[in-house]
Amino acid sequence: MSGERDRAEGAPAETVGAEGAAEYVPASPEAAGVLAGEEADERGATSSDDAAMAARALAEHNALANVFDDVRQQSAVSALVQPTRWEARGLVPEHLDPEEFEMLVYEYLEEAQAAYAETEAAEAPVYRTATRAVGVPQFGKKKLVEAEGEGKGDDAAALREALGEEALDSDSFRDGGGDDFATGESDSPSLLLEQSERVPAAGGGTDCAVSSGAENSDSACFDPANPFANLNIPEGFKLVELEGEYVLVPDEDAEPIERTIDCAKVVALVGAHSYYLYDRSVMTDSYAHWAFLAAEDNRTVTFVDCVREDSRVYPRPLAASSLENEPFSMDAREVTRIWDTVRESGEYPDIGQTTASNGDVYYFSTNYLSEVYAASLAEWDAVERDMNR
């Protein structure tokens, strides 16, 4: 009875055949439908999870691209970027909190910089010195052929000795190859370029001739039936007519696109509590270092570092008035207070002060400049330079 009840309810059942082997009894159509539905639900859930993961990955990728673009823009106006900026500007993906995104950016940049370094090392040119003749100048071949043709055996022998038998036996000599040093010309078919090529126009328009000739002007590519046939519209945008003019506007119906991440020149400076980013293609490393010190807001360390930097690099003493400029913005009273702190602390014995004859104050490091030399440079900068103009 239990077996009949199971079959009545549509569950699979097993029976024993004549030889005692278990035989599979198919489920009813209703039960099969239930099982198929469950499998379809599982596949649907898996597909939905995959789509959600892909959407999150794309959001993180584009957020990284936006962050590094913002770094370049801020570097162009002499500003470092801190992670606290990203949440305020809406650059943090919705599925991440600001701290998680901060770590994502830093880890991605570290990995990218390591990959860039490996690529640069692999692509570095390798210079080798030739240990045998690798070619015969065309004019040398010509002279040798003329000498042999005119029966000038001595001249031909001298030329052969000068050119080298190994080079003369090479395929390039026998085939007539080599550089034409006399005329700078070559008849190699591989160096002949077509004057014009036909390329298909974008958007289904007519073909355009790509040529350096004057006969191919912009009008040759114009299709009256489709004036925008050759316009390359960026992904995520569309061309619409507004007030009699065609403009590009974001296409809200377009699928999300993956933006290009460019962080090849982005540098991270790690501070006491955060890190700072800048792009060295638009901001110098020296200015970034000074801006970093100013942002960390340790005035004493900033002052000492700037004094030592000027004494070491240029070399020259640091004018107190130069600290009034960005990114330090210190007035004369603050500079004096910091100098008193440096002198009284005893932690920076190499930092000294000198005053020019006009009263301008300078600071220097004895690690790189003597007191006499620093005083001489300060006098020249404050007084003598203007006198010699």
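Predicted model: local features only at pLDDT ≥ 70, side-chain atom pairs only at ≥ 80, totals over all residues.
The axes of α10 (residues 299-313) and α11 (residues 332-345) come within 10 Å and cross at roughly 85°. Here an axis is a line fitted to C-alpha atoms over the stretch in contact, and angles run from 0 to 180 degrees between N-to-C directions. On the α10 side, the contact (heavy atoms within 4.5 Å) is made by Arg299, Thr300, Phe303 and Val304, and on the α11 side by Glu334, Val335, Ile338, Trp339, Thr341 and Val342. Sorted by type, these residues give six nonpolar, two polar and two charged; Ala, Val, Leu, Ile, Met, Phe, Trp, Tyr, Cys and Pro count as nonpolar, Asp, Glu, Lys and Arg as charged, and the others, Gly among them, as polar.

A quick note on how things were counted. Residues are numbered from 1 along each chain as its sequence is written. Local features need pLDDT of at least 70 and side-chain atom pairs 80 or more, while totals for chains, interfaces and linings use all residues, and side-chain values use heavy atoms, with hydrogens and water left out.

Stepping back, the protein has twelve helices and eleven strands, which are DSSP runs numbered from the N terminus (helices: H or I, at least four residues; strands: E, at least two). Of its 389 residues, 26% are buried, where buried means under 20% relative accessible area, exposed over 50%, and partly exposed in between (1.4 Å probe, protein chains only).

What about α10 itself? Its end C-alpha atoms are 21 Å apart, which agrees with the 21 Å its 15 residues should span at 1.5 Å a residue; the expected span is 1.5 Å times one less than the number of residues. Buried residues of α10 include Phe303, Val304, Cys306 and Val307, and their cover includes α9, β9, α11, β10 and β11.

Just after α9, Asp297 takes a positive phi of about 65°.

Finally, Ala382 lies in α12 (residues 371-387) and is buried, at 12% relative accessible area. Leaving out residues up to four places away in sequence, Ala382 touches Ala356, Asn358, Asp360 and Tyr362.
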